[in-house]
Structures are given as structure tokens and as C-alpha cells.
Amino acid sequence: MKKKEFTGSLNKKTVEQFHRLMPTSAVLNEEARKWLPGGDSRSTIHYFPYPQYFARGEGCWLWDADNRKSLDLTGNHTSLILGYNHPNVVKALREQLELGACFPGPTKPQVDLARILCERVPSIERVRFCNSGTEATMNAIRAARAFTGRHKVAKAEGAFHGTHDIMSVSIRPDPDSPDTGPAKNPKPVPHVAGIPGHTFDDAVIIPYNDPEGSRAVIEAPENAANLACVIIEPVMGAAGMIPAEREYLQTLKEICAKHNILLIFDEVITFRLALGGAQEFYEITPDLACFGKMLGGGLPLGAFGGSEKIMSLFDPVKHRGRPPVHHGGSLNANPMSLVAGIATLEQLTEETFLQLEKMGDSIRASLQELLDKHSSVPARVTGAGSLFAFHFLREPGKVTNYRETLPHDRELQELRHLIFLGLLDEGVVMDPRGAGCLSTAFGSEYLELFRRAFGRVLERINQENN
Ligand SMILES: Cc1ncc(COP(=O)(O)O)c(C=O)c1O
């Protein structure tokens, strides 16, 4: 007898609906699982019963393996600020491919993109390129440790900064577990297996959007003199696009300055808030900043940078050929990623970001209105700029940190998944966790399509439950 497949919290009807919508994805997933654990290489986007396979994208539209066309609200999870296949990005990539995809030395596009970043982002005087957001935060943290000679690193509970050890802590902890500690003084909890024990001695967890709680943790005698850096996302993406309050970021900056701790902004997602990223949006400059996702225009690219003084740690010229921090990588600053990044950033102006924010405000207000009207469970829409997410709550309330998005209990998760699935049925792709983002490929007519689809899905779920 065939063993029953685990399908998360989905019921039989929902799984059947999935098979009906995307039969080819089912076949591909079945085949993929013979060769890849779980059938994929990205744990962060796995969902049950299996993921939709995509074949093509253009603007804000996606076609899946069954050639089903859908409106896309993910932009590959905030990576594509111009949408899919922007003609300038495609042209730049074609031209570069003709010349060569990688070389044993630096290329002009590296100089050009570095100049753009240094000119646009307030805190950046010098920058280095890598291949992902993970590498960017890993190198920025290493730089902070080398610069300060300290070992501890503080991050917010619920924040995701990539998959390296020190950041694989307290991403989605269970607050009901005694290991997780109280909301104002959370304890580091492993997010994955395989992290060496000493990592937890170095990880300090702060409560997001809680200036005084964070101050108490950072200034605790065992932390203040040992912290190399505080890394923070100005809008916490993984917990559901939760914007920081300006006062919170300002307080972190003051505490860090007081104790000679470096403040790192993880701008992997928030670079899409303004020409100069979240630091321009909030008018607060960190010591170091990390970039990824949209920076590469759809190709793998990360970057980290800061003042000339800190970044000179990587400079062999200033250190007689032996810089304190070695930063290698065979495909670092490969010209394919760089030209895609340049073509992307060249399309963005102050006006573009204002337009994205206006569309973001509009979609956030509409979703809140629809949820207030149709949802039997209290719901909150969060976000900033082109980013948005909705949260179902047990009690009406605000969402300013990870714990306020909880409980992620089965019933609420199922409801969120039903919306995700209902949207798929309507031809709309969204992050299954209820988050989304807009790109410059969106216009008011597409926002309206999304609004209507979202409303119909909520109405249908209501009817089915009554
Ligand atoms: C805020 C933030 N930082 C870092 C990362 C890691 O980036 P990458 O997936 O390119 O390694 C992510 C990825 O989702 C992210 O959202």
C-alpha cells in the first residue's frame, strides 16, 4: 500500500484543488523529489502540498509549467523591482553574455555599480560585492567583529538575515517554550539543526520596535562591551513586513554609538524603499549596510559597505597585501549580475519610489478594508513602500514585532493558506505567508485585479464556512 503523503494542514479537498490547478507542477515535483530532498533548493519557499513550477515571467505576470498565467505579487520575494524580463535588463544581459559571463579579474561594471551605490546610499563610502544577501550579512558581521575586536552580535527576534550560523537563531521561535525567554529579553533559539553551541554564546536577541527593551538587553553588563554589532532590518520582512518605528532605529543608533557597537542595516529588502534605501527613507544612517535581492535585477548579487575606515579592513593596498579581512569568491562581482543590477538601478528615480509607495499605500488600505469587511478573525495589514503583508490575530491589536504576529496556530495558518490557494485559483501568486510586494510593472488596473480577486477569495471562504 502506498504511504500517505504528509500535506501539512491541508485537507483532501484542498490538495485535490491543487492537483487540478497545476498538474504539471505535481509531475515535476514528483520527479524532483527523486534527486533533491523535498524537491527543491530553497527551504524558505517550501509549502504543501508542493510548489508551483514556473516557466516564464513578464512584467507583473507569471506563467507556470501548465502555461497558466497569473498576476505576481512576489517579484521573486522582493527581488524584482522592475518586474520580470524588463527590456533594459534583458538587453544588458544579452550584451554581457556575448562578451563573457565571468573573468579572472575585475570589470568596468563593478566600478559603475559601486559608484552608483556610493552616490545613492548615504552611509556607503566603499562597497564590496558578493553573491547573495546571506554573504552580505555574513561579511558585514565579520567586518564588525574585526573592526571592534568583539565577538557578540545582536539581532531582533523574528528577523531573517540569511542562512549562516550566527543569523540562524531566533527566526521563528516558539514563545511558549521556556527556552525562548520573555518578550522583553528573548533568548537565542536555534532555527536549524547543525549550529555549533558556541554560536548561542555570541548571539544576543533584542525585541523589535521596543527601544527600552532593546536598550536593556544591549546595555546588560555581559553584552555592552562585547557586542561587535547590532544588525537590524528597517522593515522586518520574514515576520511579515513589519516596519520599524523611526524612534526605535534612532534609539539603536544612539545606544550603538554610546558603546562603540557598529549598527548594521540589513537593506536586502528595504533597498526598495527609496533611492538611498531605508536609511534615506528613515533619515538614519548605519555604520554598515547590506544589500541583495533587487540589487542584482534578478541575478545573484549581494553587497555590503560602509565608511572608508571600516571597509579598509578589506583593502590589500592599505595593508601591504595582507588585509585583516580576506573576502574571496570566484563569482563575486561577476559582470552578468552587475550589468543586470546597473540596468535595474538606472530605471529608478525619486519619482519611481514615490509612485511605488503610493501604490503600496493604496493596496495596504484596500486589503485592510476587505479584511475588516469579510474576515471573521481580526486581521492587520502591515508594510511600507511597495511592501505589504496581512496577519490574522487571535485578538484585535497591532503588529509591531514578531510575537504580535502569533499565534501561528493551525487554524489561522490554514486560513492564510486557504487565501493563498484561493488566490492561485483566481490567477494571483502571493507569498503563502501572506506577504507581497509591488514592482514598477504594476499599474492601477492590475492593483484593481488583485483587490477584486482578494475580495472574492475572502467572500468564498466565508460562504464555505457558513
Ligand atoms: C532581510 C534579508 N536579509 C538577508 C537575506 C538573505 O538573502 P539571500 O536569500 O540572497 O541569501 C534575506 C532573504 O530573504 C532577507 O530577507
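These legends go with several close-up views of a predicted model.

Local features here need pLDDT of at least 70, side-chain atom pairs count only at pLDDT 80 or more, and totals for chains, interfaces and linings use all residues. Residues are numbered from 1 along each chain as its sequence is written, and side-chain values use heavy atoms, with hydrogens and water left out.

View 1. Helices (H or I, at least four residues) and strands (E, at least two) are DSSP runs, numbered from the N terminus. The C-alpha trace spans about 70 × 55 × 50 Å along its principal axes. For 466 residues a compact globule would have a radius of gyration near 23 Å, and the chain's 22 Å agrees with that. That radius is taken over C-alpha atoms, and the globule rule is 2.2 Å times the number of residues to the power 0.38.

**View 2. An open sheet of 7 strands with mixed pairing.** Reading across, the order is E4-E12-E11-E10-E7-E5-E6; two strands pair if DSSP finds at least two bridges between them. E4 (126-130) and E6 (203-206) sit at the edges with a single partner strand each, so one side of each has no neighbour in the sheet. Direction ignored, neighbouring strands are turned by 20° against each other on average. Helix H5 (residues 108-120) packs on this sheet, touching E4 and E12 (302-306), and its direction makes about 130° with that of E4. Contact means heavy atoms within 4.5 Å; axes are lines fitted to C-alpha atoms, for helices over the stretch in contact, and angles run from 0 to 180 degrees between N-to-C directions.

**View 3. Zooming in on E5 and E6, a parallel pair.** Strand E5 (residues 152-156) pairs with E6 over 4 bridges. Look for Ala156, whose bridge partner in E6 is Ile206.

View 4. E14 (residues 387-392) and E16 pair over 3 bridges, and Ala389 has Ala435 as its bridge partner in E16.

**View 5. Helix H15 (residues 410-426) against helix H16 (residues 444-465).** Their axes come within 9 Å and cross at roughly 125°. That makes H15 oblique to H16: angles under 35 degrees count as roughly parallel, over 145 as roughly antiparallel, 65 to 115 as roughly perpendicular and the rest as oblique. Residues in the contact include Leu415, Leu418 and Gly422 from H15, and Phe450, Phe454 and Arg456 from H16. The tally for this contact is 10 nonpolar, 1 polar and 3 charged; Ala, Val, Leu, Ile, Met, Phe, Trp, Tyr, Cys and Pro count as nonpolar, Asp, Glu, Lys and Arg as charged, and the others, Gly among them, as polar.
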